[in-house]
Amino acid sequence: MIQEAWELLEKSIIYYQGRAVGTVAAQDPHLDALNYDQCFIRDFVPSALVFLMQGKTEIVRHFLIETLLLQSHEKQMDCFEPGPGLMPASFKVEFDGNKEYLTADFGEHAIARVPPVDSCLWWIFLLRAYVKATGDIAFAHQPGFQEGIKLILDMCLVHRFAMYPTMLVPDGAFMIDRRLGVYGHPLEIQVLFYAVLRTADELLLPDGDNYSYSHKIKQRMGALNYHIREYYWLDLKRLGEIYRYNSDEFGKEIANKFNIYAESIPMWLTEWLPENAGYLVGNLGPGRMDFRFFTLGNLLAILVSLASEQESQSIMDLFELRWHDLIGYMPLKICFPALEGMEWHIVTGCDPKNIPWSYHNGGNWPILLWLFAAAAEKTGRVELAQRAIEIAQSRLTRDRFPEYYDGKNGRLIGKEARIYQTWSIAGLLAAKEIIANPAYLDLITFEEDNQNLGCDFA
């Protein structure tokens, strides 16, 4: 069964000028390719990690080089042009006679025309993994890569209309690339942003104007760490405090800094949240707390040590105690719960693909398995990962590696899911490799950084 997965991953490889540079998104023979025949930066990450774990580092090296060349550099006043530092969502090898060239999509062809904020963040994450796997720090110290890192930092650390250390992004700008009420300061982006700051702190050379970047990085890193742990964390004790908040308070020394109304606490939460578990909420902003559980952001927070050790254990406790809801018949639920009824109507705009318990709206995504395995290994909860892998592997092979699953517990292959989805294949393979050899955690994890803990406007 696993041999088939390896063969499918090899078959998905894209070649450019005779070199492997990425993998296609899917190989479904029954549907039009659309953009699934392209290499997406976000999608390639689990494939790249598998290649690195297998010692096949050249494909990752070439991917990093070619995508760096596609990075936007020019400062633009035109709203239809990508800003400097932005990485494309995807690229494709095109042919003009005997000539090969790469074309990049920065969101011009995407549904709703939203640019991918997360592409450049995942790119830096992968650059660090490559350096960790090869020991080739000189690769990241090349002038082109140093400039690329700083362009991304410039984009992330830009002056803005905000007093928070978090990044403001629109709906559809990351893995959840359709309207789902995740605009503002979604957890996934904040965790990736934190990983970028940690990585840049490691990879930028300590010379020239890099000293000013180092100061900004450390300042923002500490403030972001404090902000997420202090304001995004939710357990029963914290929920009780929110329930008894005073609202419309004025002044600096107040408890309800974001003016969250107790009436906004959803009915499902008070019964669903266990006594001895917790998680990082999905979003936070003025007068708004998104109480939904988003899996990728919470698992990645464990890996990059944005969640404390105690919080990391509480998140894994939540998976164990709410296994049927978050794991079900196919690991793992992308978010919980789904938007239903009038809420779905208003928030998604009646999106027929994001119907309740489907796709991004409460669907189950096998790609998340590698993150779950890594988080379980890091927290010493490897038995949870083994259970999830056992559930996934036989069914994924039988179902031909679909993109996602539908239903409250993931019992149905996704209504519009493509088969032979490369990141579903890579997600399983990476999860098994991590459990078989925990040393691979070094590629994707960060240790606690107590030196740079700080506070924000509080």
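Predicted model: local features only at pLDDT ≥ 70, side-chain atom pairs only at ≥ 80, totals over all residues.
Helices, taken here as DSSP runs of H or I with at least four residues, and strands, taken as runs of E with at least two, are numbered from the N terminus.

**Stop 1**

Select residues 13–16, which make up strand β1, together with β2, and you will find the two strands paired in the antiparallel sense over four bridges. Within this pairing, Tyr 15 stands opposite Ala 20 of β2. Two residues lie between the strands of the hairpin, and at Gln 17 the phi angle is positive, near 50°. If you then colour strand β2 (residues 19–23) by accessibility, four of its five residues come out as buried, so that the strand is mostly covered.

**Stop 2: helix α2**

Move on to residues 41–53, the 13 residues of helix α2, whose first and last C-alpha atoms are 18 Å apart, close to the 18 Å expected at 1.5 Å a residue. Look along the helix to Ser 47, where α2 bends by about 25°. The helix is mostly covered, with 13 of its 13 residues buried. Just beyond the end of α2, select Gly 55, which takes a positive phi of about 80°.

**Stop 3**

Now display the aromatic side chains, among which a search of the whole structure finds 22 pairs. Trp 122 and Phe 125 are one of these pairs, and their ring centres lie 5.4 Å apart with the planes at 85°, which is why the arrangement counts as edge-to-face, the cut-off for that class being over 60 degrees. Both residues belong to helix α4 (residues 118–134), where they are three residues apart, about one turn of the helix. An α-helix has 3.6 residues a turn, so residues three or four places apart point the same way. Trp 122 is buried, at a relative accessible area of 4%, and Phe 125 is likewise counted as buried, at 3%.

**Stop 4: an aromatic pair between distant parts of the chain**

Next select Phe 293 and Phe 319, whose rings are edge-to-face because their planes meet at 80°, with the centres 5.5 Å apart. This pair links distant parts of the chain, since Phe 293 lies in strand β8 (residues 288–294) and Phe 319 in helix α12 (residues 309–321), 26 residues apart. Both Phe 293 and Phe 319 are buried.

**Stop 5: arginines over rings**

Which ring has the charged end of Arg 418 over it? Tyr 36 does, with the charged end of Arg 418 at 4.0 Å from the ring centre.

**Stop 6: His 185 and helix α7**

Go to the loop between α6 (143–156) and α7, where His 185 is found. Is His 185 buried or exposed? His 185 is buried, with a relative accessible area of 8%, the cut-off being under 20%. Leaving aside neighbours within four places in sequence, the contacts of His 185 include Tyr 164, Met 167, Gln 190, Tyr 232 and Asn 283. Helix α7 itself covers residues 187–203, and its 17 residues should span 24 Å at 1.5 Å a residue, which agrees with the 24 Å between its end C-alpha atoms. Because 15 of those 17 residues are buried, α7 is largely enclosed by the rest of the structure.

**Stop 7**

Most residues other than glycine have a negative phi, and most peptide bonds are trans. Against that background, select Pro 331 and Leu 332, which are joined by a cis peptide bond with omega about -5°; Leu 332 lies in the loop between α13 (323–326) and β9 (335–336). The peptide bond from Phe 336 to Pro 337 is also cis, with omega near -5°, and Pro 337 is found in the loop between β9 and α14 (341–348).

Continue to Cys 350, in the loop between α14 and α15 (369–378), where phi is positive, near 65°. Cys 350 is partly exposed, at 31% relative accessible area. The tour ends at Arg 400, in the loop between α16 (382–398) and β10 (405–406), which has a positive phi of about 65° although it is not a glycine, and which is partly exposed at 36% relative accessible area.

Technical notes:
Residues numbered from 1 in each chain as written. Heavy atoms only, no water. Phe/Tyr/Trp six-rings, centres within 6.5 Å; stacked < 30°, edge-to-face > 60°. Buried < 20%, exposed > 50% of the residue type's maximum accessible area, 1.4 Å probe, protein only. Lys NZ or Arg CZ within 6 Å of the ring centre and 35° of its normal. Pairing = 2+ DSSP bridges. Expected span 1.5 Å × (residues − 1). Bend = angle between axes of the 7 residues up to and from the residue. Contact = heavy atoms within 4.5 Å.
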